[in-house]
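Hi there,

Here is the structure I promised to pass on.

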Amino acid sequence: MRATSTMLMEIAYGVAALAATPTAQVHLSELGKAGAQCRPDENGPAIIIDVAGLKDRVGLLKLEVWPPHDDDFLQDANVLVAQGKIFRRLELPLRRDTPLRMCIRVPRPGTYAVSLLHDRDSSGKFSILVDGVGFAQNPKLGWSKPNASAVTLTVGRTATRSRIVLNYHRGFLSFAPLKGE
């Protein structure tokens, strides 16, 4: 495996971000967070997501960018980063005044699979009975993950804007947006 300059930059950003907590065990997926945050007045490829259908303002919103291939989509982030593949994560704690717009940087123009998790209990894992989830292109969800090609966005040299509607468990065999979305 050959390290690219982009991956080396991600590692450098990640090490600097994690240096503030010397006792923390470094997980490669943390490197996906280090390069994800958009900065004010920054130009370049990014994804701006308007969040719709939020059930409440508790927990975290997690916006994630994945490679646009089924073999990589929603796989272990540590493995993806170790293989030099694209992974970004932006976490936003929810409060009453939290804006429902998220901006996540991507390393270059291209096509990416995009997911959004409303981690209501801040557990770090998806719980079908508690949490909400949405994807780019807002596909109708069943009981298995959507195909990567159904949840992609193509990003150019500047920010690409999209809207993701969150889906929640709505009873036996029902997983859909809240009423009105």
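**The largest pocket**

A pocket here is an open set of points on a 1 Å grid over the protein atoms alone, where a 1.4 Å probe fits, with protein on both sides within 12 Å along at least five of seven lines; lining residues have an atom within 4 Å of a point. Two or more lining residues come from each of β2 (60–66), α3 (77–82), β5 (110–119) and β6 (132–135). Helices (H or I, at least four residues) and strands (E, at least two) are DSSP runs, numbered from the N terminus. The space in this pocket is about 610 Å³, a volume being the space filled by probe spheres set on the points, with grid points joined across faces, edges and corners.

Before going further: this is a predicted model, in which local features need pLDDT of at least 70 and side-chain atom pairs count only at pLDDT 80 or more, while totals for chains, interfaces and linings use all residues. Residues are numbered from 1 along each chain as its sequence is written, and side-chain values use heavy atoms, with hydrogens and water left out.

**Cores**

The largest nonpolar core has 23 residues, of which Ile47, Leu61, Leu63 and Leu116 touch the most other members. Such a core is a set of buried Ala, Val, Leu, Ile, Met, Phe, Trp, Tyr and Cys residues joined through side-chain atoms within 4.5 Å. At least two of its residues come from each of β1 (46–52), β2, β4 (101–105), β5 and β7 (152–155). A second, separate core has 13 residues, including Phe87, Ala113, Val151 and Phe175.

Leaving aside neighbours within four places in sequence, the contacts (heavy atoms within 4.5 Å) of leucine 63 include Ile49, Met102, Ile104 and Val114.

**The disulfide**

There is one disulfide (a pair of cysteine sulfur atoms within 2.5 Å) in the structure. Cysteine 38 is joined to cysteine 103, S to S 2.0 Å. The two are 65 residues apart, with cysteine 38 in the loop between α2 (29–34) and β1 and cysteine 103 in strand β4. The torsion about their S-S bond is about -70°, so the disulfide is left-handed. Cysteine 38 is buried at 14% relative accessible area, whereas cysteine 103 is partly exposed at 22%; buried means under 20%, exposed over 50% and partly exposed in between (1.4 Å probe, protein chains only).

Happy exploring!
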